[in-house]
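Morning, everyone. Please have the structure open on your screens while I talk.

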Amino acid sequence: MTGKYMPRTVILGVIGSDAHVVGITILEQALSAAGFEVINLGVQTAQDEFVSAAKSHDAEAVLVSSLYGHARQDCEGLHDELDDAGLDVLTYVGGNLAVGQSDFEETQATFRQMGFDRVFDAETDPEEAIEMLREDLQLTTTEAEQIRVDG
Amino acid sequence: MPTDERLSDDQLQRIANDLRDNWHTGREVDFEEAIAFHESLPASKQFAQVLESADQPLLQPRAGVPCLEEQIDLLRYLQDEGGADLLPTTIDSYTRDNEYEKAEEGLAASRGSDENELNGFPAVNHGVEDCRRLIRALDAPVEVRHGTPDARLLAMVTLAGGFQSFEGGPISYNIPYTKRHDLATTIEHWQFVDRLCGAYTERGVTINREPFGPLTGTLVPPSIAIAVMLVEGELAATQGVRSLTLGYGQVGNLVQDVAALRALRKLGNEYLRDEVTVTTVFHEWMGGFPPDEARANGVISLGGATAAVAQPDKVITKSAQEFQGVPTKEANAAGLRTTRQLIDMMIEQDIDLGGIDEEQALIERETRALMDAIYEAGDGDVAQGVINAFDSGALDVPFAPSDAAKGAVLPARDDDGRVRIFEFADLALPDDIKEIHAARLGERAETEGRDQSFRMVADDVDAISDGKLIGRPGGDNSPAGGASDAD
């Protein structure tokens, strides 16, 4: 039983030179409350820091945040690095992903093509992302609740 | 680890000599000749004198563009059309990172085009003589506003260039601004800056220093902000600074903001040595603004009203274009005039608000508890104490990106919209104060029919831009189309 209900570990961080910390602080709280084990790398996190954290913590998902408009450049090559490290993890990206007023569906397609499993805009509630995470990790709500009680 | 001791003249000289070669303009700095330039300035350009002798709040905007002529035109416009009493020069991001080479490229690119390739004025690249041209061209005193963890060369060049006020400090320009600068190093760097200001002051040229009060600008509990102001004030005073303007950023609850400004002034005068003249500055709302100029003007007006009641010595104004980033000069001047209108209409009214004294007493008790913890953590030395207190979490700032702070404290508004602490983590506050916060947040939870949780924090962070003070469930009241009005 305990094995099944072990907390799932996720890596969280703001990529590149971006120093916007409020979003991931709230996301960290939300994920912890939902029973996840959260490794929060903080702001201004380089690609290799995401990769090595995912490896050393045996994480199941890497959640990348970016709010200053340079997400595409900052994320370029991240999936190659994950592959090179032999990691098969879920990857999400969210925030203000493009400079200016570009169409979100286009942005979504760009980031999906780069290898991200899910792409969110800055208006997404933490709960929505967590719901997706449960779905993608095939966690049932009951199990998630169980995790919270145990945690 | 640095201690709160005054740098010797030799140390000051040695560090200055080392810095001189970091960028060629550093070699233009000559202290004796700089004193002579400051002495040539009329009383109307003497920052501390103008600020400390004012009989009502002085208004100051933020503004900085790359090129000298454009910066002069911009500041003249804010002076003449906005009625700014004190002027700023906001420094670009490359300079804040000590990347003078990149700033030089951005400056060159800006000179060759209509676009600004830097987000501020690269004062180190301009050098001493261009700074003096700026000071000569304007009628009001000018302050350097930036966000630079290592501002030593910037201070050398701008003070020699005639600026008489310098914003920032080792905590307030580290914890909210960067991830990887350790506090011990930023304290050492700012001891140099403060000692330099002290050296001018001792020669009769008073340099005003202004620690950055709003910190992360995101629901910072007043006592945390005030404790940081007192620490930076003490560190600066040790180095010989005699004119200190302590800051505080609007949280939006009128009673709490007035109480906080009064507590800031009172504790500033109490904690800082008698030779120091303490003034206060109120920053209009530093959090997310509504994406709609009409509603943004409402936020600015509440700031003006608060300033009229609390009467700080200075107000840093915002513009209605805050949501979009750097405002046009017209919008920037309008923010000054909107604030002025509120202050001038309200300042002579005798406004009696209930609850200010109690709130002020609570803020003072909390601040004293934090200060006690800092002194204790440093065995009486405030420099060592603040480093150790941030390390242990006894002192903390919500939403701090810096590795030097835990960033584990979380604020939330109570049922009256006052900022309380939802998650204390290791913050050094006594249990009876924690109970007050918990009880106030409990009232809100009851009103809203939900548990106290991070969800309130998240809702509060967005509330003002969504059109409310408190992030109630289902409380997004921004009218349809509000976002597009900003275009």
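Let's start with one side chain. B:Arg195 has a relative accessible area of 3%, so it counts as buried. Keep in mind that this is a predicted model.

What does B:Arg195 pair with? The side chain of B:Arg195 meets that of B:Glu202 in a salt bridge. The N to O distance there is 3.1 Å. Now look at B:Glu202 itself. B:Glu202 is partly exposed, because its relative accessibility is 47%.

B:Glu202 has another partner. It also forms a salt bridge with B:Arg6. In that pair the closest N and O atoms are 2.5 Å apart.

B:Arg27 and B:Asp21 join their side chains in a salt bridge, at 3.0 Å from N to O. Are these two buried or exposed? Both B:Arg27 and B:Asp21 are exposed.

Let's count. How many salt bridges does the structure hold over all chains? The total is 45. Some of them link up. One network of salt bridges includes A:Asp125 and A:Glu127 from chain A. Among its members from chain B are B:Asp415, B:Arg444, B:Glu448 and B:Arg450. B:Arg455, B:Asp459, B:Asp460 and B:Arg472 belong to that network as well.

Now the domains of chain B. Domain 1 covers 16–347, and domain 2 covers 368–466. Their C-alpha centres lie 27 Å apart. How do they meet? On the domain 1 side, 40 residues are in contact with 36 residues of domain 2. The area buried between the two domains of chain B is about 3,100 Å². Carbon and sulfur atoms give 70% of that area. Which three residues of domain 1 supply more than any other three? They are B:Ile175, B:Leu219 and B:Ile224, with 20% of the area that domain 1 of chain B buries against domain 2.

What about charges and polar groups? Between domain 1 and domain 2 of chain B, the count is 1 salt bridge. B:Arg368 and B:Glu270 meet in a salt bridge through their side chains, with N to O at 2.5 Å. The two domains of chain B also share 9 residue pairs in polar contact, with both residues at pLDDT 80 or more.

Which elements build the domain 1 side? Four helices of chain B give two or more residues each to the side that touches domain 2: helix 9 (183–202), helix 10 (222–238), helix 11 (254–271) and helix 12 (293–310). Helix 10 of chain B gives the largest share, 8 residues. By class, that side of domain 1 has 26 nonpolar, 9 polar and 5 charged residues.

Last, chain A. It has 7 helices and 5 strands. Along the sequence, chain A runs β-α-β-α-β-α-α-β-α-β-α-α. How much of chain A is buried? Of its 151 residues, 48% are buried. Now take the contacts in chain A with a separation of 6 or more. Residues 24 or more positions apart account for 78% of them.

Technical notes: Residues are numbered from 1 along each chain as its sequence is written. Chains are lettered from A and ligands numbered from 1 in the order in which they are written. Side-chain values use heavy atoms; hydrogens and water are left out. Domain bounds come from an automatic or database domain assignment. Contact means heavy atoms within 4.5 Å. Buried area is the accessible area (1.4 Å probe) that two parts lose on being put together, summed over both. A salt bridge is a side-chain nitrogen of Lys or Arg within 4 Å of a carboxyl oxygen of Asp or Glu. A polar contact is a pair of N or O atoms within 3.5 Å; within protein, one must be able to donate a hydrogen and the other to accept it, and residues adjacent in sequence count only if both atoms are side-chain atoms. Ala, Val, Leu, Ile, Met, Phe, Trp, Tyr, Cys and Pro count as nonpolar, Asp, Glu, Lys and Arg as charged, and the others, Gly among them, as polar. Buried means under 20% relative accessible area, exposed over 50%, partly exposed in between (1.4 Å probe, protein chains only).
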